[in-house]
Amino acid sequence: NVYTIDKGPLPPCRLTCPAGVNVQGYVALIAQRKYKEAVALIRQRHPLPSVCGRVCHHPCEFECNRRELDEGVAVNALKRFAADHERQRRREEGSGPELPPIAEPKGKKVAVVGSGPAGLTAAYDLAQMGYEATIFEAASEAGGMLRLGIPDYRLPKDVLKEEIDDILALGIELKLNTPIGPDLTLADLRQQGYSAIFLSIGAHDSTSLGIEGENLEGALQG
């Protein structure tokens, strides 16, 4: 009755995912209609499943082993479905977010500069590890380029707000209209007791094509 379990390499979908999400795991949970568990598994790697399910370019699907038979599994659509299903369930039940386990408080504060996906994820992970995270955002609303660079038809702002609120529910403080600059420097943050500073200021510059006519009225850069 002796046997061996030989764990092979990670599947190509998970290896291709920039966030390293356990794709096979949450797809299997969705197949069992365990939507809450599927979303919790996704959020172990990143806290924005509804956003990701709408705007990700899903490289996982192009490396899916299923393509050898017919076509790749619709991973991104499944992620969006599970996340939206859970948001709708919570609305109907009037329940709050499913919070992940949080470690014992470390007694240290960390400043996160920028509330785009990098800043939100950093604060989310820090809060789970027991650090007191504060996000400093120059704009009047959180989200970074998720809010400022993606049109509503791709990413409805109510969906983005709900997922940001879920992140902040871990006890993360958000300070809007608070740019880092002459009036608030990194040295000032150190003096306020922040043990570490995570800079996630984004890349808001447009990309120029360098072609004739791109500066004409009505031509928009990406």
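Helices here are DSSP runs of H or I with at least four residues, numbered from the N terminus. The model is a predicted one. R190 is found in helix α10.

**Overall make-up**

The protein has 10 helices and 4 strands. Their order along the sequence is α-α-α-α-α-α-β-α-β-α-α-β-α-β. The C-alpha trace spans about 70 × 55 × 40 Å along its principal axes. The protein contains 222 residues, 37% of which count as buried. Among contacts between residues at least 6 apart in sequence, 64% join residues at least 24 apart. There are 25 positive and 30 negative side chains, and the centres of these two sets lie 6 Å apart.

**Helix α7**

Helix α7 runs over residues 117–128, 12 residues in total. At 1.5 Å a residue it should span 16 Å, and its end C-alpha atoms are 17 Å apart, so the two values agree. The buried residues of α7 are G119, L120, T121, A122, A123, Y124, L126 and A127. Their cover includes the helices α3 (35–43) and α9 (157–168), together with the strands β1 (109–113), β2 (132–136) and β4 (194–199). Just after α7, G130 takes a positive phi of about 95°.

T178 lies in the loop between β3 (173–175) and α10 (186–191). Is T178 buried or exposed? Its relative accessible area is 19%, and the cut-off for buried is under 20%, so T178 counts as buried. Leaving out residues up to four places away in sequence, T178 touches F136, E137, A138 and L184.

R190, in α10, has a relative accessibility of 49% and therefore counts as partly exposed. With residues up to four places away in sequence again left out, R190 touches S195, A196 and I197. The C-alpha atoms of R190 and G53 are separated by 37 Å, and these two residues are 137 apart along the chain.

| Side chain | Backbone oxygen | Distance |
|---|---|---|
| T178 | L176 | 2.7 Å |
| R190 | S195 | 2.8 Å |

Key. Residues are numbered from 1 along each chain as its sequence is written. This is a predicted model: local features need pLDDT of at least 70, side-chain atom pairs count only at pLDDT 80 or more; totals for chains, interfaces and linings use all residues. Side-chain values use heavy atoms; hydrogens and water are left out. Helices (H or I, at least four residues) and strands (E, at least two) are DSSP runs, numbered from the N terminus. The expected span of a helix is 1.5 Å times one less than its number of residues. Buried means under 20% relative accessible area, exposed over 50%, partly exposed in between (1.4 Å probe, protein chains only). Contact means heavy atoms within 4.5 Å. A polar contact is a pair of N or O atoms within 3.5 Å; within protein, one must be able to donate a hydrogen and the other to accept it, and residues adjacent in sequence count only if both atoms are side-chain atoms. Lys and Arg count as positive and Asp and Glu as negative; His and the chain ends are not counted. The place of a charge is taken as NZ of Lys, CZ of Arg, CG of Asp or CD of Glu.
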